[in-house]
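Let's take a walk through this structure together, from the overall layout down to single side chains. Keep the viewer open as you read.

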Amino acid sequence: MTEGRIVGDVVVAIDFSDRTDAVIAEGVALARAAGSTLHLLHVAAGEPVLAGYDKDEISAFTREARAGELTDEHRRLRETAEQLGAGGVDARALVVMGPTAQKILEAVEHVGASHLVLGSHGRGGLHHLLVGSVAEEVVRRATVPVVLVPVRGTH
Amino acid sequence: MGKIVVGVDGSPGSRAALHWAHEEAKLRGATLEIVTVWQFPVMTSLPAFGAVPPPEDLGADAERTLLAVLSEEGIAASDDVPVSTVVTEGAAAAGLLEAAKDADLLVVGSRGHGGFTGLLLGSVSHQCASHATCPVVVVRSD
């Protein structure tokens, strides 16, 4: 029995590290082969909790800085999606905020993706780990095939 | 032409990986290399004489298992997807990584034979994801 694969959308989780291009390229290869839609997903860190600093002006300042960062990240993602669109790939940009692995899995569910692509390590810098903690958690909990793109530290 | 390598040990995860890899090879117009790695059993005490089959039998067994899986799963070489099989001796992850050196993708099941159920990832898929130079696809069987 040769069972046909359910071809659905591809979610690519990216973190703007220097290996982001390789991760996106792998998502593009999958989406192109199947003629499916590519969702560029960036999970932004949640708002920092400043324990011990409850002064209003500090939290207002960090909120504003975070909002600026998020706007910037979404703009970069949209630009990438537009470039891919010009190359004939239906790509969409999505920025969500929260715990990385959980939000990635929620996004896969939300868009009904059939594939998930992410780097083997994120920006966390824990390159002594063989596989990054986010990648590990995602692979463990994902119900769809996960493509891990090798991402290594330069040292 | 691209090349997709898939590791098959007969486990449900590796069968799911096989189907995924075959479909992806068809979609991409790539060749499919199906790899089975067998290992001489490690013994903690000296076995009785004749209890352990000679290595050449183990290799032949591995090859028979692979061919049986291919026939059960209906995977055969076709004009769509050129298929080749490799049976190699050694540690599973090392054998797969060697085969995938010049591949576009290495496809593995999330857990093969011999995995501890408590492991987050099968140990072979974990080692592959850690050391491969190409993207590694981890496919679940359920």
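Among contacts in chain B between residues at least 6 apart in sequence, how many join residues at least 24 apart? The share is 78%. Please keep in mind that this is a predicted model.

## Two chains and their layout

Chain B has 142 residues, and 46% of them count as buried. Its secondary structure consists of 4 helices and 5 strands, arranged along the sequence as β-α-β-α-β-α-β-α-β.

Chain A has 155 residues, of which 43% count as buried. Here too you will find 4 helices and 5 strands, and reading along the sequence gives β-α-β-α-β-α-β-α-β. For chain A, 74% of the contacts between residues at least 6 apart in sequence join residues at least 24 apart.

Beyond its neighbours within four places in sequence, Leu94(A) is in contact with Leu40(A), Leu41(A), His42(A), Leu77(A) and Ala107(A). Leu94(A) counts as partly exposed because its relative accessibility is 29%.

## Where the chains meet

Now turn to the interface. On one side are 25 residues of chain B, in contact with 27 residues of chain A. Together the chains bury about 2400 Å², with 57% of that area on carbon and sulfur atoms.

Across this interface there are 7 residue pairs in polar contact, both residues being at pLDDT 80 or more. Which elements of chain B each supply at least two residues to the side that touches chain A? They are α1 (12–28), α2 (55–73), α4 and β5 (136–139). The most comes from α1(B), with 6 residues. Sorted by class, this side of chain B has 13 nonpolar, 6 polar and 6 charged residues.

The count of salt bridges between chain B and chain A is 1. Its partners are Arg28(B) and Glu26(A), with the closest N and O atoms 3.4 Å apart. Glu26(A) and Arg28(B) also belong to a network of salt bridges that includes Glu24(B).

## Salt bridges within helices of chain A

Over all chains, the structure has 14 salt bridges. Side chains of opposite charge can pair when their charged atoms come close. In helix α2 of chain A, residues 56–86, Arg75(A) and Asp72(A) are 3 residues apart, about one turn of the helix. They form a salt bridge whose closest N and O atoms are 2.4 Å apart. Arg75(A) also meets Glu79(A) in a salt bridge, at 3.0 Å from N to O. Those two residues lie 4 apart in helix α2 of chain A, again about one turn of the helix. As for accessibility, Arg75(A) is partly exposed at 36%, Asp72(A) is partly exposed at 29% and Glu79(A) is partly exposed at 37%.

Helix α4 of chain A, residues 133–141, holds another pair: Glu137(A) and Arg141(A), 4 residues apart, about one turn of the helix. Their salt bridge has its closest N and O atoms 2.6 Å apart. Glu137(A) is partly exposed with a relative accessible area of 26%, and Arg141(A) is partly exposed with 41%.

## Serine and cysteines in chain B

Ser125(B) lies in helix α4 of chain B, residues 123–131. Is Ser125(B) buried or exposed? Its relative accessibility is 4%, so Ser125(B) counts as buried. The Ser125(B) side chain reaches the backbone oxygen of Ser110(B) at 3.3 Å. Not counting residues up to four places away in sequence, Ser125(B) touches Val108(B), Gly109(B) and Ser110(B).

What about disulfides? A disulfide is a covalent bond between the sulfur atoms of two cysteines. Over all chains, the search finds 0 disulfides. Cys128(B) is in no disulfide, and its nearest cysteine sulfur belongs to Cys134(B), 9.0 Å away. Cys134(B) is likewise in no disulfide. Cys128(B) is buried, with a relative accessible area of 0%, and Cys134(B) is buried with 5%.

Notes: Residues are numbered from 1 along each chain as its sequence is written. Chains are lettered from A and ligands numbered from 1 in the order in which they are written. This is a predicted model: local features need pLDDT of at least 70, side-chain atom pairs count only at pLDDT 80 or more; totals for chains, interfaces and linings use all residues. Side-chain values use heavy atoms; hydrogens and water are left out. Buried means under 20% relative accessible area, exposed over 50%, partly exposed in between (1.4 Å probe, protein chains only). A polar contact is a pair of N or O atoms within 3.5 Å; within protein, one must be able to donate a hydrogen and the other to accept it, and residues adjacent in sequence count only if both atoms are side-chain atoms. Contact means heavy atoms within 4.5 Å. A disulfide is a pair of cysteine sulfur atoms within 2.5 Å. Buried area is the accessible area (1.4 Å probe) that two parts lose on being put together, summed over both. A salt bridge is a side-chain nitrogen of Lys or Arg within 4 Å of a carboxyl oxygen of Asp or Glu. Ala, Val, Leu, Ile, Met, Phe, Trp, Tyr, Cys and Pro count as nonpolar, Asp, Glu, Lys and Arg as charged, and the others, Gly among them, as polar.
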